[in-house]
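Colleague: I would like to learn how to read a model like this one. Please take me through it feature by feature.

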Amino acid sequence: MNNDPELSGKYLGTISADFVNAADTLKEASYQIRKAGFAYPIFAISKEVVPIGQLLIDKYSLQLDWNYFASFMDEFVQRELIAKEKVDDFVSAYKDPDEFCCLFVVDKEFTRFVFIPYPED
């Protein structure tokens with residue numbers, strides 16, 4: 001799988017369009033994950049079902065392009081999606097979860113962490 005370092009306009013457009021409709025649910029889920037004691041919420045998004053986290057939003061339920069799966073950093077480390085020696089790098093790059101959503105975009109030719117700001121109320 002190629003991991004293109006740049007987020008192309010193709011992805012940015014479709015992710016942003018979906019994100020507007022999913023943002024409130026994702027923000028609440030992020031809060032609940034942290035409240036339950038799990039640091040660094042991550043939402044895997046994919047057009048197909050992926051075995052990461054728990055399905056939070058089925059793309060068909062809100063007529064979206066992407067499915068959203070709720071997870072957190074420890075699961076990504078356990079699944080070796082984040083290498084143990086890269087945890088400090090991930091933590092330092094992680095943005096304020098009250099202001100930004102951490103997405104792990106999974107598509108056929110692309111996997112990447114993306115931080116998208118939540119829309120302002």
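Colleague: Is Tyr-94 buried or exposed?

Modeller: Start with the rule. Buried means under 20% relative accessible area, exposed means over 50%, and partly exposed lies in between, with a 1.4 Å probe and protein chains only. Tyr-94 has a relative accessible area of 13%, so Tyr-94 is buried. Two notes on the source. This is a predicted model, where local features need pLDDT of at least 70, side-chain atom pairs count only at pLDDT 80 or more, and totals for chains, interfaces and linings use all residues. Residues are numbered from 1 along each chain as its sequence is written, and side-chain values use heavy atoms, with hydrogens and water left out.

Colleague: How much of the protein is buried?

Modeller: Buried residues make up 40% of the 121 residues.

Colleague: What radius of gyration does the protein have?

Modeller: The radius is taken over C-alpha atoms, and the globule rule is 2.2 Å times the number of residues to the power 0.38. For 121 residues, a compact globule would come out near 14 Å; the protein has 13 Å, which agrees. Along the principal axes, the C-alpha atoms fill a box of roughly 35 × 35 × 25 Å.

Colleague: Now the fold. How many helices and strands does the protein have?

Modeller: Both are DSSP runs, numbered from the N terminus: helices are H or I with at least four residues, strands are E with at least two. Here there are 3 helices and 5 strands. From the N terminus on, the order of elements is α-β-β-β-α-α-β-β.

Colleague: In what order do the strands form the sheet?

Modeller: Pairing first. Two strands pair if DSSP finds at least two bridges between them. The 5 strands make an open sheet, ordered β2-β3-β1-β4-β5, with mixed pairing. β2 (54-57) and β5 (110-117) are at the edges, each with a single partner strand, so one side of each has no neighbour in the sheet. From one strand to the next, the twist averages 35°. For such angles, axes are lines fitted to C-alpha atoms, for helices over the stretch in contact, and values run from 0 to 180 degrees between N-to-C directions.

Colleague: Which pairs run antiparallel, and over how many bridges?

Modeller: Go along the sheet. β2 and β3 are antiparallel over 3 bridges; Gln-54 stands opposite Ala-70 in β3. Strand β1 (residues 41-46) and β3 are antiparallel too, joined by 6 bridges. There Pro-41 has Phe-72 in β3 as its bridge partner. β4 and β5 are antiparallel over 8 bridges. Cys-102 faces Phe-115 in β5.

Colleague: In what sense do β1 and β4 pair?

Modeller: Parallel, over 4 bridges. Ser-46 stands opposite Val-106 in β4.

Colleague: Why is β1 called largely enclosed?

Modeller: 6 of the 6 residues of β1 are buried, so the rest of the structure largely encloses β1. Look at both faces. Pro-41, Phe-43 and Ile-45 point one way, Ile-42, Ala-44 and Ser-46 the other, and all are buried. Strand β3 (residues 67-72) has 5 of its 6 residues buried, so β3 is largely enclosed as well.

Colleague: How many aromatic pairs are there?

Modeller: Rings of Phe, Tyr and Trp (its six-membered ring) pair if their centres lie within 6.5 Å; planes under 30 degrees apart count as stacked, over 60 as edge-to-face, the rest as tilted. The count is 9. Take Phe-76 and Phe-104: the centres are 5.1 Å apart and the planes at 90°, so this pair is edge-to-face. Phe-76 is in helix α2 (residues 73-78) and Phe-104 in strand β4 (residues 100-107), so the pair ties together parts 28 residues apart in sequence. Phe-90 and Tyr-94 give a tilted pair, 5.6 Å centre to centre with 55° between the planes. Phe-90 is buried, at 8% relative accessibility.

Colleague: Which residues form the aromatic cluster?

Modeller: Tyr-40, Phe-76, Phe-90, Tyr-94, Phe-104, Phe-113 and Phe-115 form one cluster.

Colleague: How many disulfides does the structure hold?

Modeller: A disulfide is a pair of cysteine sulfur atoms within 2.5 Å. The structure has 0. For Cys-101, the nearest cysteine sulfur is that of Cys-102, 7.2 Å away. Cys-101 is buried at 0% relative accessibility, and Cys-102 is buried at 1%.
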